[in-house]
Amino acid sequence: MKHFLRMLIQVCLYFYCNFLWRCLKFVMRKLTGRCELQRICYNTKPGAPRTMKIETSLRDSKSKLLQTSVSVHPDAIEKTIEDIMELKKINPDINPQLGISLQACLLQIVGYRNLIADVEKLRREPYDSDNPQHEEMLLKLWKFLKPNTPLESRISKQWCEIGFQGDDPKTDFRGMGLLGLYNLQYFAERDATAAQQVLSDSLHPKCSKFSKAEWEKKRMDKAIGYSFAIVGINITDLAYNLLVSGALKTHFYNIAPEAPTLSHFQQTFCYLMHEFHKFWIDEDPMDIMEFNRVREKFRKRIVKQLQNPDMALCPHFAASEGLINM
């Protein structure tokens, strides 16, 4: 019986999507004198609510032109909009705002796809200790996080002080490639005060002046130590998966007036790093073995927030001063 009901629901959904919905769109066009793209642009506020509806409409269209418009080159967007207006028999002189709105939406849609490609390229590029640029970035990371402590040598146990697992950080970048290093350096450079504070907090109780027993007794701070750099790479993985899954569309479509860029992604990483640190303290884990549980709970909270089409992850730190809310 359950199998029959499931099949019946699937048949009804198929019928609705392929017949009733298209009939409804036809009736709406006749009644309003506007196509679906016009109705969305004129009746939906700019940002994620509008852009996501436009993206769905274009992707689900029967027209090949509309389907492929979400993946055109940025330089071809203007010509694509002209073709769409011609296909829909819309006079651009009578409807000038439609072209402007469609251009803003397509810039965000195409930009998001291109951002995924840029981020993926960095993720796939391994750290190369023979590459002077890679080495320079790594040494800058130390300088930004420990400005008053010289690094004694490139291969050194000192790297553990900023949360790497051994005396050579290159082995820790395997999972996220250069993307992890890019994000960590961005956070350490653009939001230096917050990054150094998070690093300092993450060292407790391991580097506290109290013994572990005294720390647990005094309970002056609930923070349990974790490896700053390793967690940063892990949060990079979280940001990457949010991006690829499309969960970050609401955020980027609301804060980037045009195409979201790598800087927007790195600013988002800074926000996630900052918020995870606070979340970790609030969760008050018994030890680092609870990291996966806390991370998963944090991920679910962020995903839930991003399901709100009006959501823009709050830029309250120095690295995000350039963010623009639409």
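This is a predicted model: local features need pLDDT of at least 70, side-chain atom pairs count only at pLDDT 80 or more; totals for chains, interfaces and linings use all residues.
Residues are numbered from 1 along each chain as its sequence is written, and side-chain values use heavy atoms, with hydrogens and water left out.

**Overall build**

- The protein has 14 helices and zero strands. Helices (H or I, at least four residues) and strands (E, at least two) are DSSP runs, numbered from the N terminus.
- Buried residues make up 46% of the 326 residues. Buried means under 20% relative accessible area, exposed means over 50%, and partly exposed lies in between (1.4 Å probe, protein chains only).
- Take the contacts between residues at least 6 apart in sequence: 66% of them join residues at least 24 apart. Contact means heavy atoms within 4.5 Å.

**Helix α8**

- Helix α8 covers residues 177–190, and its 14 residues should span 20 Å at 1.5 Å a residue. The end C-alpha atoms of α8 are 21 Å apart, which agrees. The expected span is 1.5 Å times one less than the number of residues.
- In α8, 11 of the 14 residues are buried, so the helix is largely enclosed by the rest of the structure. Among them are Gly177, Leu178, Tyr186 and Phe187.
- The buried residues of α8 pack against α6 (96–124), α7 (132–145), α9 (192–202), α11 (228–245) and α13 (262–283).

**Helix α13**

- The 22 residues of α13 should span 32 Å at 1.5 Å a residue. The end C-alpha atoms of α13 are 31 Å apart, which agrees.
- α13 is mostly covered, with 18 of its 22 residues buried.

**Two buried residues**

- His251 is found in helix α12 (residues 249–255). His251 is buried, with a relative accessible area of 2%.
- A polar atom of the His251 side chain lies 3.0 Å from the backbone nitrogen of Leu313.
- Leaving aside neighbours within four places in sequence, His251 is in contact with Thr268, Leu306, Met311, Ala312 and Leu313.
- Leu199 is in helix α9. Leu199 is buried too, at a relative accessible area of 4%.
- Leu199 and Lys146 are 53 residues apart in sequence, and their C-alpha atoms are 9.6 Å apart in space.
- Not counting residues up to four places away in sequence, Leu199 touches Leu145, Lys146, Glu161, Ile162 and Phe228.

**A loop residue**

- Lys170 sits in the loop between α7 and α8. Lys170 counts as partly exposed, at 33% relative accessibility.
- The C-alpha atoms of Lys170 and Ser129 are separated by 7.2 Å, although the two are 41 residues apart along the chain.
- Lys170 touches Tyr127, Ser129 and Arg154, not counting residues up to four places away in sequence.

Definitions and conventions
A polar contact is a pair of N or O atoms within 3.5 Å; within protein, one must be able to donate a hydrogen and the other to accept it, and residues adjacent in sequence count only if both atoms are side-chain atoms.
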